[in-house]
Amino acid sequence: MESITLDAVDLQLLAALQRDASLSNQALAELAHTTPPTCLRRVKRLRDAGLIEKQITLLNPERLAATLGHGLTAMVEITLDRQDAEALERFETRVADETAVQQCYRVSPGPDFCLVVHTRDMPSYQALTQRLFTADANVRNVKSFFSIKRSKFGAELALG
């Protein structure tokens with residue numbers, strides 16, 4: 001991957017976009033103290049360089065609870081029997097295709113993977129565990145921790 005040099009304006013743009021990706025180009029240019037055409041070119045350069053992976057909308061699960069049900073969030077530790085490169089990649093591919101798996105981390109030491117999973121309810125979680133873990137002969141151990149309250153959630157990376 002090609003290296004990119006970042007200056008103070010680039011860092012201001014990235015910080016602002018991490019907080020609110022819905023800002024207009026005009027508003028973003030004002031925050032970074034630059035002109036709108038310069039701002040647009042810089043953001044395109046940052047996106048083309050792969051520093052901006054994607055833009056998403058974060059939904060508020062508490063506000064959606066009345067309509068969709070409360071849902072169930074679990075942090076799941078997975079230990080595999082075999083940890084060769086092919087087995088690890090095969091597991092990563094399988095969980096990446098599952099929409100209920102919101103995050104997947106290969107970790108060390110301890111378990112091989114930590115997942116963040118969100119399902120509608122406990123029966124949905126049980127069906128997911130059957131599909132992803134019980135049916136996989138290479139999964140040795142599954143340890144789940146269920147969230148009772150989300151006190152912080154974020155995705156901002158420190159830029160300074």
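Q: In what order do the 4 strands of the open sheet stand?
A: This is a predicted model, in which local features need pLDDT of at least 70 and side-chain atom pairs count only at pLDDT 80 or more, while totals for chains, interfaces and linings use all residues. Residues are numbered from 1 along each chain as its sequence is written, and side-chain values use heavy atoms, with hydrogens and water left out. Strands are DSSP runs of E with at least two residues, helices are runs of H or I with at least four, and both are numbered from the N terminus; two strands pair if DSSP finds at least two bridges between them. The pairing here is antiparallel, and the order is E2-E3-E1-E4.

Q: Which strands are the edge strands of this sheet?
A: An edge strand pairs on one side only.

Q: Which residue stands opposite Cys104?
A: Strand E2 is joined to strand E3 (residues 113-119) by 5 bridges, and the two run antiparallel. Opposite Cys104 stands a residue of E3, namely Leu115.

Q: How many residues apart are Arg42 and Asp7, which link distant parts of the chain?
A: Their side chains meet in a salt bridge, N to O at 2.9 Å, a term that requires a side-chain nitrogen of Lys or Arg within 4 Å of a carboxyl oxygen of Asp or Glu. Arg42 lies in helix H3 (residues 36-48), whereas Asp7 lies in the segment before helix H1 (8-19), and the two are separated in the chain by 35 residues.

Q: Is Glu92 buried or partly exposed?
A: Glu92 forms a salt bridge with Arg106, the closest N and O atoms being 2.8 Å apart. Because Glu92 lies in helix H5 and Arg106 in strand E2, the pair ties together parts that are 14 residues apart in sequence. With a relative accessible area of 25%, Glu92 is partly exposed.

Technical notes
Buried means under 20% relative accessible area, exposed over 50%, partly exposed in between (1.4 Å probe, protein chains only).
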